[in-house]
Amino acid sequence: MEWLIGLAGSAAIAGAAYAKRSLSGSGLAAAVALGTMMYAIGSAIWFGSLIAFFVSSTLWSKWKKRAKTAAESGYEKSGRRDAGQVFANGGLGLLLCAAHWAWPHPLWWYGFLGVMAAVAADTWATEIGGLSRTPPRSIKTGRRVPPGTSGGVSRLGLGASLAGGLFIGAAAWTLLVAVPGQAAPDSIAAALRPAAWVAVAGLAGLVGSLADSWIGATWQPMYRCEVCGREIEAARHCGRPAMRIRGRAGWNNDAVNVAGSVAGGAASALLALAFGLA
């Protein structure tokens, strides 16, 4: 029954996203598979946290879309999410969910919470921070860089990043309370759980988002458009191949997202251990 419920819920949500052109065909298939497995081996709280990230991030990506067009034109990937993006954002979370199903322990949950917080924080920072009225600064050099530059951070983006992590913590706790028949993945007192989950998710999300920015500024390949002169993530711009100027092979946008989620999950697990939550 859990498999059927997970399949139905995932297909409905992913299908709506596909109809709104937020997912490609491969992204649709990946989202349905990921959500179905998450619900079947986890529970509503695991599945719902994933959906909270996906729905909120999709809505933010549509907000003031025209105002973000110039910045998004230089991204390696933008627009409809493909299978690579879906698994980069949710694949590690599924592995942690499976680990908890096989060997139950609170640390798996906190790792998962940090992963979801990190991917939400990074996406919110990108979608909201891209509307900052002041140009971002490079996380490495502190210099002003054009909007959309990999590794660029702004005050608005940092605030959005923190908000994204806090949102995931609050959504997870709300799901635990609202959906009957669920067991909490940890053993801390019910009165402390909301503050613990929200605080841990907020901090872990910020760590993961900053790690994503640092790795993006350091290892992700960047190119210079030979027509307009912009530094971009995409290998083509203005209808022509762009010239590679830095970065390491294999560190594309999906790999950077996975690394950022690993940092967020690790930070969450360490915070849980440090404060005796797991």
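Visitor: What is the relative accessible area of Arg224?

Guide: In this predicted model, Arg224 is partly exposed because its relative accessible area is 32% (buried means under 20%, exposed over 50% and partly exposed in between, with a 1.4 Å probe and protein chains only). Local features here need pLDDT of at least 70 and side-chain atom pairs count only at pLDDT 80 or more, while totals for chains, interfaces and linings use all residues. Residues are numbered from 1 along each chain as its sequence is written, and side-chain values use heavy atoms, without hydrogens and water.

The partner of Arg224 is Glu231: the two form a salt bridge whose closest N and O atoms are 3.2 Å apart (a side-chain nitrogen of Lys or Arg within 4 Å of a carboxyl oxygen of Asp or Glu). Glu231 likewise counts as partly exposed, because its relative accessibility is 35%.

Searching the whole structure gives two salt bridges. Arg193 and Asp186 also form one, with 2.9 Å between the closest N and O atoms, and both of these residues are buried.

Leaving aside residues up to four places away in sequence, Met38 touches residues including Trp46, Phe47, Leu50, Leu94 and Phe112 (contact means heavy atoms within 4.5 Å).
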